[in-house]
Amino acid sequence: MAGQLIPITLTVNGTTCRSEVPPHLTLLEFLRDTLNLTGSKRCCGEGECGACTAIMNGEAVNTCLILAAEADGSDLITVEGLSAMPYGARLQQTFLDQGAVQCGFCTPGMVVAAQYLLMNNPDPTPDEIREGLSGNLCRCTGYARIVEAVMGAAGDE
Ligand code: FES
Ligand code: FES
């Protein structure tokens, strides 16, 4: 029905958010345009680049492919909430230290994907890092410095 709004309640970076959303609104649009959490980037809109990556119920997801209404009841971590997570602050520092940030457009999604990787594999090999970040595209760095940055943040927290 045109104009219909769907009530949703979800936790974003530890804060409970209640809203009413149109059925077609994506979770990425909800984060950026409703909550003003613009760290998650809008790029391909098709699940190809990983710029919009967040952690939803413990899984890394492309928020451009999820409707806000589908996220009702979920627990979401975006790049804005990363520093409170294990590895989050360390990853942000090692990305800077290693020069793994150039234009920076891919960086929020890349750091969130790296966070998810280290939560599930605290001591990955370079190949495992490349595999773990394979859904995140970077047009600038050639990936070597990104892998170094993740290696630098690895290990027990
Ligand atoms: S904007 Fe979501 S994967 Fe590219
Ligand atoms: S730093 Fe520019 S796309 Fe990755």
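Two strands count as paired if DSSP finds at least two bridges between them. Strands and helices here are DSSP runs numbered from the N terminus, at least two residues of E for a strand and at least four of H or I for a helix. With that in hand, hello everyone, and let me walk you through this chain.

Some housekeeping before the tour. This is a predicted model, where local features need pLDDT of at least 70 and side-chain atom pairs count only at pLDDT 80 or more, while totals for chains, interfaces and linings use all residues. Residues are numbered from 1 along each chain as its sequence is written, and chains are lettered from A and ligands numbered from 1 in the order in which they are written.

Let's start with β1 and β2. These two strands run antiparallel and are joined by 7 bridges. Inside that pairing, I8 stands opposite S19 in β2. The two strands make a hairpin with 2 residues between them, and N13 in the turn has a positive phi of about 50 degrees.

On its other pairing, β1 (residues 6–12) runs parallel to β5 (residues 75–77), with 2 bridges between them. Here T11 stands opposite D75 in β5.

Now zoom out to the whole sheet. It is an open sheet of 5 strands with mixed pairing, in the order β2-β1-β5-β3-β4. At the edges sit β2 (15–21) and β4 (59–62), each pairing on one side only. From one strand to the next, the twist averages 40 degrees. For angles, axes are lines fitted to C-alpha atoms, for helices over the stretch in contact, and the angles run from 0 to 180 degrees between N-to-C directions. Helix α3 packs on this sheet, touching β3 and β4, and its direction makes about 35 degrees with that of β3. By contact I mean that the C-beta atoms of two residues, placed from the backbone, lie within 7 Å.

What about the helices? I'll call a residue buried if 20 or more other C-beta atoms lie within 10 Å of its own, exposed if 12 or fewer, and partly exposed in between, with C-beta atoms placed from the backbone. In helix α1 (residues 27–34), the buried residues are L27, L28, F30 and L31. Looking down the axis of α1, these buried residues fall within an arc of 165 degrees, so they line one face of the helix. That arc is taken over the directions from the helix axis to the C-beta atoms. The buried residues of α1 pack against β2.

Which residue follows α1 with a positive phi? That is N36, with phi near 60 degrees, even though N36 is not a glycine. N36 sits in the loop between α1 and β3 and is exposed, with 8 other C-beta atoms within 10 Å.

Compare that with Y87, in the loop between β5 and α2. Y87 is also not a glycine, and its phi is positive, near 75 degrees. Is Y87 buried or exposed? Y87 counts as buried, with 23 C-beta neighbours inside 10 Å.

Next comes helix α2 (residues 88–97), where G88, L91, Q92, T94 and F95 are buried. Those buried residues pack against α3 (107–120) and α5 (144–153). Just after α2, G99 takes a positive phi of about 65 degrees.

T53 counts as buried, with 30 C-beta neighbours inside 10 Å. Leaving aside neighbours within four places in sequence, T53 is in contact with A60, N62, G109, V112, A113 and N136. T53 and C64 are 11 residues apart in sequence, and their C-alpha atoms are 8.4 Å apart in space.

Finally, the domains. The chain is divided into domain 1 (6–81) and domain 2 (82–153), with bounds that come from an automatic or database domain assignment. Their C-alpha centres lie 20 Å apart. The contact takes 14 residues from domain 1 and 15 residues from domain 2. On the side of domain 1 that touches domain 2, the largest share, 3 residues, comes from strand β3 (residues 53–56). The residues of that side divide into 8 nonpolar, 5 polar and 1 charged. In this count Ala, Val, Leu, Ile, Met, Phe, Trp, Tyr, Cys and Pro are nonpolar, Asp, Glu, Lys and Arg are charged, and the others, Gly among them, are polar.
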